[in-house]
Amino acid sequence: MEQLLDCYRSGAIHPHVDRCFTLDEAAEARRYIQDRKNVGKVLLTP
């Protein structure tokens, strides 16, 4: 984990956030991932 954080801090990696969902939309987020609609990370936000 520390190696990943170091790479992120140095700018060697750039994670792509595809879409954010609220916790209330967790079921929709799961369907979004299962339907392979995402190109990058899908986040749940409180």
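**View 1. Salt bridges in the predicted model.** The count comes to 2 salt bridges in this predicted model. One joins D6 to R9. The other links R19 with E28.

View 2. D6 and R9 both belong to helix α1. They sit 3 residues apart, about one turn of the helix. Their closest N and O atoms are 3.4 Å apart. D6 is partly exposed because its relative accessible area is 43%. R9 reaches 59% relative accessibility, so R9 counts as exposed.

**View 3. R19 with E28 and Y32.** R19 forms a salt bridge with E28, with 3.4 Å between the closest N and O atoms. The charged end of R19 also sits over the ring of Y32. The distance to the centre of that ring is 5.1 Å. R19 has a relative accessible area of 33% and is partly exposed. E28, at 34%, is partly exposed too.

**View 4. A nonpolar surface patch.** M1, L4, Y8 and I13 make up this patch. M1 lies in the segment before α1, which spans 2–10. M1 counts as exposed, since its relative accessibility of 73% is over the 50% cut-off.

**View 5. I33 in helix α2.** Helix α2 covers residues 26–34 and includes I33. I33 contacts N38 and V42, leaving aside neighbours within four places in sequence. Its relative accessibility is 43%, so I33 counts as partly exposed.

**View 6. Aromatic pairing.** The structure holds 1 aromatic pair. Such a pair is described by the distance of the ring centres and the angle of the planes.

Note on methods: Residues numbered from 1 in each chain as written. Predicted model: local features only at pLDDT ≥ 70, side-chain atom pairs only at ≥ 80, totals over all residues. Heavy atoms only, no water. Phe/Tyr/Trp six-rings, centres within 6.5 Å; stacked < 30°, edge-to-face > 60°. Lys NZ or Arg CZ within 6 Å of the ring centre and 35° of its normal. Patch = residues over 30% accessible without salt bridge, like charges linked within 9 Å, V, L, I, M, F, W, Y side chains within 5 Å. Areas by Shrake-Rupley, 256 points an atom, 1.4 Å probe, with all protein chains shown as cover. Salt bridge = Lys/Arg side-chain N within 4 Å of Asp/Glu carboxyl O. Helix = DSSP H or I, 4+ residues; strand = E, 2+ residues; numbered from the N terminus. Buried < 20%, exposed > 50% of the residue type's maximum accessible area, 1.4 Å probe, protein only. Contact = heavy atoms within 4.5 Å.
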